[in-house]
Amino acid sequence: MGKKIVDAYKLDVLKELANIGMGHAVTALAQMLGEEKIFMDVPVATLAPLQDVPELLGGAELPVAGVFIAADGDIQLKILFVLPLDSALNLTALLLPGGWEDAEELKLSALLEVGNILTSSYLTALSLMTGLILLPSPPAIAMDMSAAIISTVMAAAHIQDDELVLMQTTLSSQEKRITGQILMLPDRGALNKIFSLLGIR
Amino acid sequence: MHISRVKIADWAVLKGGGILMTIGLGSCVGVALYDVQQKIGGLAHILLSKSREFPQRAAAFNPAKFADTAIPLLVQEMERVGGKKSRLRAKIAGGSQLFMNQKIGNSVGEKNVLTTRQVLGELGIPIAGEDVGGNYGRTLRFFVESGLVVISTVGRGEKEV
């Protein structure tokens, strides 16, 4: 048996990091949305077999919108904000002024911006906690089946292990008109750096 | 009909009939190999192109993850059940660039397709059909009885390869 990349204690630490990062992200989103209340679940940090990850978003063929950001700098990680297509449409309807709801390009750019704000506030929180410099790439967006989107992110991360560490948080609005998830995939080297900065061996 | 689901970085072989299926090919490539005489079908869902680019191989190395190791493995497994390399024909799908307005992920899909073609070429396996590139994901169904490969998408309908 090979040694596990992380143990249960380290997963708890990652969960707490995700919790703080997501708290910032959700606050930022709530400010954009005004009336609509946004709730977040307690983040989950898991060590998942590579082959099961595309299923984690609730169905491999589920049509979703995904906003993807790669962070570089002291460590490398990938962040994906995913939401089912109907949620994405509800979200853009809230953000766009009346009369513009049908403009496809504006919808895309609104989603891109929400993803950008969520993920960069998450990164900022992570950076403040750890002192690591994190430089986010410009956000990129795709709308497709969830397995295609998440596997493309895994390929972009050049995952070399057969298990990967994943931090996942679900957020939803009051009447579930909007639900979404934020996934964070740290590189293997990134994990080691985070743990050593926090004094965890 | 028996359906065998192939997950990411995974493979399967069926003989005589049934469906080999893989869901959600983005930058990944699905490689379907067929021995028409023996009605043997093999399908691999590869994530990355070259295992050589990952010098620190994990202890539990999974050859199905990379084009350069998955395709030879699939050939070997098909020969194990009576297939013959010289009779094999390939159909490939995937290698798309899902994310708009950014380069990340793009080169991965292109590289996966290039390497897949190259590995098939080295093994002398002709490509009988393909549906690659673009900016959308694909689900692949391979009907082993007939050798037919059907690609379905979100909002772009179905297509036979």
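1. Between chain B and chain A of this predicted model the count of salt bridges is 2. One of them joins A:Asp52 to B:Lys7, with the closest N and O atoms 3.0 Å apart. Counting pairs in which both residues reach pLDDT 80 or more, there are also 8 residue pairs in polar contact between chain B and chain A.

2. As for where the chain B side comes from, β3 (19-25) and β8 (138-143) of chain B each supply at least two of the residues that touch chain A. Sorted by class, this side of chain B has 18 nonpolar, 13 polar and 6 charged residues.

3. The contact involves 37 residues of chain B and 36 residues of chain A, and the two chains bury about 2900 Å² between them, with 63% of that area on carbon and sulfur atoms. Of the area that chain B buries against chain A, B:Ile8, B:Phe99 and B:Val154 supply 21%, which is more than any other three residues.

4. Turning to the fold of chain B, 5 strands form an open sheet with mixed pairing, in the order β1-β3-β8-β9-β10. The edge strands, β1 (3-5) and β10 (158-160) of chain B, each pair on one side only, and from one strand to the next the twist averages 20°.

Technical notes. Residues numbered from 1 in each chain as written. Chains lettered and ligands numbered in written order. Predicted model: local features only at pLDDT ≥ 70, side-chain atom pairs only at ≥ 80, totals over all residues. Heavy atoms only, no water. Contact = heavy atoms within 4.5 Å. Buried area = accessible area lost by both parts, 1.4 Å probe. Salt bridge = Lys/Arg side-chain N within 4 Å of Asp/Glu carboxyl O. Polar contact = N/O pair within 3.5 Å; in protein donor to acceptor, adjacent residues only side chain to side chain. Helix = DSSP H or I, 4+ residues; strand = E, 2+ residues; numbered from the N terminus. Nonpolar A, V, L, I, M, F, W, Y, C, P; charged D, E, K, R; others polar. Pairing = 2+ DSSP bridges. Axes fitted to C-alpha atoms, helices over the stretch in contact; angles between N-to-C directions.
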